[in-house]
Amino acid sequence: MSTVLVLIIVGVFITLIVQSMPTIKTLGVGYLWGKVWDPVNNIYGAYPFLIGTLLTSFTALAISIPFSYAISIYLGEYNPKGWLSDLLKNTIELIAAVPSIIYGFWGIFVLVPLVRPWELKLGVAPYGVGVFTASIVLAVMIIPYAASLGITLIRMVPSPLKEGAYALGATRFEVIRRVVLPFTRTGLFAGVLLSLGRALGETMAVTMLIGNTSAIGNTFKDIFFGPGNTMASVIANEFSEADHTEYVSALIELGLVLFCVTVVINFIGKRIITKVTNK
Amino acid sequence: MEPRIGIRNFKSVLFKSVIIFFAFVITIPLIIVLLYIIKQGITQVNWHFLTHVPAPVGEAGGGIINALVGSFIMVGVAAIIAIPVGMMAGIYLSENPRTKLAYYSGLCVDILQGVPSIVVGIVAYFWVVKPLGTFSALSGSMALAIMMLPIVIRSTEQTLNLLPDSLKEAALSLGVPYHRVIIKVIVPCGFAGILSGITLSIARVIGETAPLLFTALGNSYLSVSLTKPMESLPHLIFTYATSPYDDWHNLAWGASFILLMFVLILNIVTKLLTRKWKIQL
């Protein structure tokens, strides 16, 4: 039965490649840099979606890192036991448990109206939906992945190391900064990678909040606050409407890119984790 | 030269406060989301809501019976596909951890866990929808089953790894054949752990929308046929939440509330089961 798994992964990969063959053949690598996505005239370029995906994911990651590190340090070092710690840990896990569709739905009706006045103040068109709004929700959603790994790793720091530093007169902050964090640095990085993998592939919440335009703005401000599209969201929106082979295969090629990127990221992440936890 | 101890202590306290601040602030969005969904949803839920199909635009009332039934059927079928495969693979991984096949399938479990759900949807479309020529509940179940597999496998494997070898050795020394040892000793002993993996995997996929978009598609009528399009809770929320009608939004709030309750209950059950087994999922 274990072979089934290998077959599934290989099957997924082959299916994606075979089905995206038409565009791979006709457009080649240039597909990824093409700036225009116009299915009606059969012009396909993935650049707007690449930018959209990278921008949302990394913005979300940047917002989430302080929180996930703080949670890791607090629950790993300051307060590893007791009811408060359990409560907080369960709450963090709950964040991951809430379906993304619910975050998206909430975002449309609560977050979007909140973002609009801010956009007016900044002098951008007040769509409400857009890359920025999607990133905020995405940031909350990916925190648990980095945090739960970080907690485990920080708890694994051998106490003799920390005690040694205390014995030399270090304060708690100095112990954390000079002993705990350097010791767990690679592992925490792996946690961030796993979060990134989640962010790249997250579909529903982003689809509902990003505004779904395939045109890309001219200035950074426009791109960042205006509506956009990610690879996952364009597939979700257009796959069932795609009516000719080339359109379908262009969308599947996006899926293929997404698959390959997440596989590589997860592979590296898991590699680091096994290395760190086995020592 | 290190600065004076007063400053260093102050820095330490300051750092701790910042950490505590960030660690607790993140619970605020979750609480806001949960309260909002409960507030909006709970007023929608009543017997009528649970037993009727959605009303057309402009008509009051209507419910989500089609999505409830659809979600149950699809997740149920997905579980029937994923649980045996996942358990067997998990048993294999835990019994033969050093073989080449175990290494590669372990790797595949990790990869599968990270595959975006939308990609699973595309693949299920080509594996089931295309050959059958129609969108169907079965293809949705297939996609969900693929998403359930890694969780079931990992929980089975980890639970069985926690069992002491002496259990297995005792049974083997009594002359019990290997396959009976697995069925009668190993699996029953790790049952709670395996069960927790199953409940967790169900909790994960019951809220999945992306794999269902081009497989089960959705259906505004009650359908129990596996070969026809079927509605599901998350898909209903998606369609109605993005519609422009207030009545439909209300329906979606109610459905979100129900979905949230399912997810919460399944997670609590998982928690209770894992507390006994101390496994990390």
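Mentor: The cut-offs: a residue is buried with 20 or more other C-beta atoms within 10 Å of its own, exposed with 12 or fewer and partly exposed in between, with C-beta atoms placed from the backbone. By the way, this is a predicted model: local features need pLDDT of at least 70, side-chain atom pairs count only at pLDDT 80 or more, and totals for chains, interfaces and linings use all residues. Residues are numbered from 1 along each chain as its sequence is written, while chains are lettered from A and ligands numbered from 1 in the order in which they are written.

Trainee: Where is A:Asn42 found?

Mentor: In the loop between helix H1 (2-27) and helix H2 (47-78) of chain A. Helices here are DSSP runs of H or I with at least four residues, strands are runs of E with at least two, and both are numbered from the N terminus. The phi of A:Asn42 is near 60°, a positive value in a residue other than glycine.

Trainee: And what about the phi of A:Asn212?

Mentor: That one is positive too, about 55°, although A:Asn212 is not a glycine. A:Asn212 sits in the loop between helix H8 (204-209) and helix H9 (220-225) of chain A. It is partly exposed, because 19 other C-beta atoms lie within 10 Å.

Trainee: Zooming out, how many helices and strands does chain A have?

Mentor: Eleven helices and zero strands. The C-alpha trace of chain A spans about 70 × 55 × 30 Å along its principal axes. Of the 279 residues in chain A, 49% are buried.

Trainee: Which share of the contacts in chain A joins residues at least 24 apart?

Mentor: Among contacts between residues at least 6 apart in sequence, 76% do. A contact means that the C-beta atoms of two residues, placed from the backbone, lie within 7 Å.

Trainee: OK, switching to the two chains. How many residues of chain B are in contact with chain A?

Mentor: 58 residues of chain B, and they meet 56 residues of chain A. Several helices of chain B each supply at least two residues to that side, including helix H1 (5-25), helix H4 (65-95) and helix H12 (246-277). By class, the side of chain B that touches chain A has 43 nonpolar, eleven polar and four charged residues. Nonpolar covers Ala, Val, Leu, Ile, Met, Phe, Trp, Tyr, Cys and Pro, charged covers Asp, Glu, Lys and Arg, and the others, Gly among them, count as polar.

Trainee: Can you show me one helix pair? At what angle do H4(A) and H2(B) cross?

Mentor: Roughly 85°, and their axes come within 11 Å. Those axes are lines fitted to C-alpha atoms over the stretch in contact, with angles from 0 to 180 degrees between N-to-C directions. The two helices are therefore roughly perpendicular to each other. Under 35 degrees counts as roughly parallel, over 145 as roughly antiparallel, 65 to 115 as roughly perpendicular and the rest as oblique. H4(A) brings A:Ile102, A:Tyr103, A:Trp106 and A:Val110, while H2(B) brings B:Val33, B:Tyr36 and B:Ile37. By class, that contact has seven nonpolar, no polar and no charged residues.

Trainee: What about the largest nonpolar core, which residues have the most contacts inside it?

Mentor: A:Leu138, A:Ile235, B:Met148, B:Ile237 and B:Ala255, in a core of 165 residues. Such a core is a set of buried Ala, Val, Leu, Ile, Met, Phe, Trp, Tyr and Cys residues joined through C-beta atoms within 7 Å. Helix H5 (residues 131-155) of chain A gives the largest share, 17 residues.

Trainee: Is B:Ala255 buried or exposed?

Mentor: Buried, because 32 other C-beta atoms lie within 10 Å. B:Ala255 is in helix H12 of chain B. Leaving aside neighbours within four places in sequence, B:Ala255 is in contact with B:Ile64, B:Ala67, B:Leu233, B:Leu236 and B:Ile237. B:Ile237 in turn touches residues of both chains, among them A:Ile101, A:Phe105 and B:Leu259, not counting residues up to four places away in sequence.

Trainee: Last one: is B:Lys100 buried or exposed?

Mentor: Exposed, because 8 other C-beta atoms lie within 10 Å. B:Lys100 lies in helix H5 of chain B.
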